[in-house]
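Let's take a walk through this model together, starting with its aromatic rings and moving on from there.

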Amino acid sequence: MCVTAIDIIEDEILALDEVVLERLLWDHSQPKMLDEKGEPSLHHHIYWATDNYEYLGKGFGFFDEIQIASITGEHSRLVRPRAAKDKEEQERRTKEKAEVFTPSWVCNAQNNLVDEAWFGMPNVFNTEHPDTHTWTPREEPIPFPTKDGKTWQDYVWDKRLEIACGEAPYLVSRYDTTTGEPIVDLKMRIGLLDRKLRVVSENVDNTGDWILWAKCAVKSIYGFEWQGDNLLLAREAILYTVKDYYEAFCRDVIGKERALPIDTFQTLAYIISWNIFQMDGIEFTLPMSGCKQDLAIKQQTVSLFDAFDEPTEKVDISPIERQKVYAKVAEWQKKGEANRKEQEFRRLKN
C-alpha cells in the first residue's frame, strides 16, 4: 500500500492556498459568527464529533471545531484515510463508531446499477468480473444522447447523494478501499463524480468549458457524514479528484501541462463545503446538537431561594450542545456560486 499516494496532506493544501483549506473546514448549518465590526461574516467549522482525539487536549474534544492548526504543523497527518491507519485503529473505530468501508468493487456494482437505470443499458462505464471482484473499463467515449434523448449535460447535472458517506467511496475513488492502492488510470475509477468528470472530459475541448461543467458536476453530488475527520477526508478527496481529471484533460486533450487555477480551487472548496456536510442522518441535525438542552435551561433558572442554597457546580456547555441545529444544504444554479437556494436538509426528506 502506498500511503503517501492516497493521503492528502493538509500542510500541502495550506501551502497551496490557506483560503482553500479554510473553506474545506466550513460549516454552513450554524449561523455565522460576528466579526470585529459586528457583522455576521465568520464561518463556524465542522467539529470532530468523535472522542478519538481527546488525548491531545484542548481543541480536540467531541464538540471542538476543527481548526487549521489542529491538522497542520505538529498535527500534520493526524487525519488519515482509513486505509492508511493501522489495523488496531481500524478495528477500534469499527467497534466504537460502526465505521466500515464498502469495497470498491461493491461501490462499482451499485453505481453501475444506477447508471444502467439512467442510460437504459448495462456496462456503460465498465464491465464487472464478479468472480475476481475486478472490472474492465469502457475505452471508447460514453454514448450520448441516450435512447430516450438524454444528453451528456443532463448526466453531469443529475443529482446524486451518498448517505453516511465516510470518505465518500461511492462519490470518488482515488484509491481502492480494499487494497489501499491508488487508482492511477482514471478510466478505472468508479465513483459517481469520477463518471461525471470523465463525461465532461470527453465532450469539451477547452479548459473554460471544462471548469464550468466540472463545477456543475460537483454541484450535483451530495453526501453527509457524522464524524468531522471523515467529512474532511471526503471533501479533500472530491477536490483532488477534480484536480486529477483537470490535469489529465490538459495533458491528453489540450496537449499542455497545466495546474488547476487557485480561484477554481477556492470556488470548488466552497461548493464542496455546502454539498458534503455534517449531519446525524436520523435526526437531520448536527451530531448530538442540543444534547444538553434541559441542563442548559436548568442552569439558567433562578429561584427566590437560590441564595440560601449551596452553590451548584456549573457545567461548561458549548452552544452546539444547548440547541438543536438542523443541517443545511444548497441547491445550485448551473452558473454562479451566489445563485443558490439554501434550506434545511430535513425539508427534503420526503
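Rings of Phe, Tyr and Trp (for Trp, the six-membered ring) are taken as a pair if their centres lie within 6.5 Å. Keep in mind that this is a predicted model. With that definition in hand, look for the cluster in which ring pairs link Trp-118, Phe-119, Phe-125, Phe-144 and Tyr-155.

Across the whole structure, a search turns up 20 aromatic pairs. One of them joins Phe-144 and Tyr-155, whose centres are 6.3 Å apart with 55° between the planes. That angle makes the pair tilted, because only planes over 60 degrees apart count as edge-to-face and those under 30 as stacked. The pair links distant parts of the chain: Phe-144 sits in the loop between β6 (134-137) and α7 (152-157), while Tyr-155 belongs to helix α7, 11 residues apart. Tyr-155 has a relative accessible area of 1%, so it is buried.

Next, turn to the largest nonpolar core, which has 70 residues. Leu-193, Trp-210, Ile-238 and Val-242 touch the most other members, and helix α10 (residues 228-254) supplies the largest share, 14 residues. Setting aside residues up to four places away in sequence, Leu-193 touches Leu-171, Val-172, Ala-217, Val-218, Ile-221, Ile-238, Thr-241 and Val-242.

Finally, find Asp-27 in strand β1 (residues 26-27). Beyond its neighbours within four places in sequence, Asp-27 is in contact with His-43, His-44, His-45, Ile-46 and Leu-286.

Key:
Residues are numbered from 1 along each chain as its sequence is written. This is a predicted model: local features need pLDDT of at least 70, side-chain atom pairs count only at pLDDT 80 or more; totals for chains, interfaces and linings use all residues. Side-chain values use heavy atoms; hydrogens and water are left out. A nonpolar core is a set of buried Ala, Val, Leu, Ile, Met, Phe, Trp, Tyr and Cys residues joined through side-chain atoms within 4.5 Å. Buried means under 20% relative accessible area, exposed over 50%, partly exposed in between (1.4 Å probe, protein chains only). Helices (H or I, at least four residues) and strands (E, at least two) are DSSP runs, numbered from the N terminus. Contact means heavy atoms within 4.5 Å.
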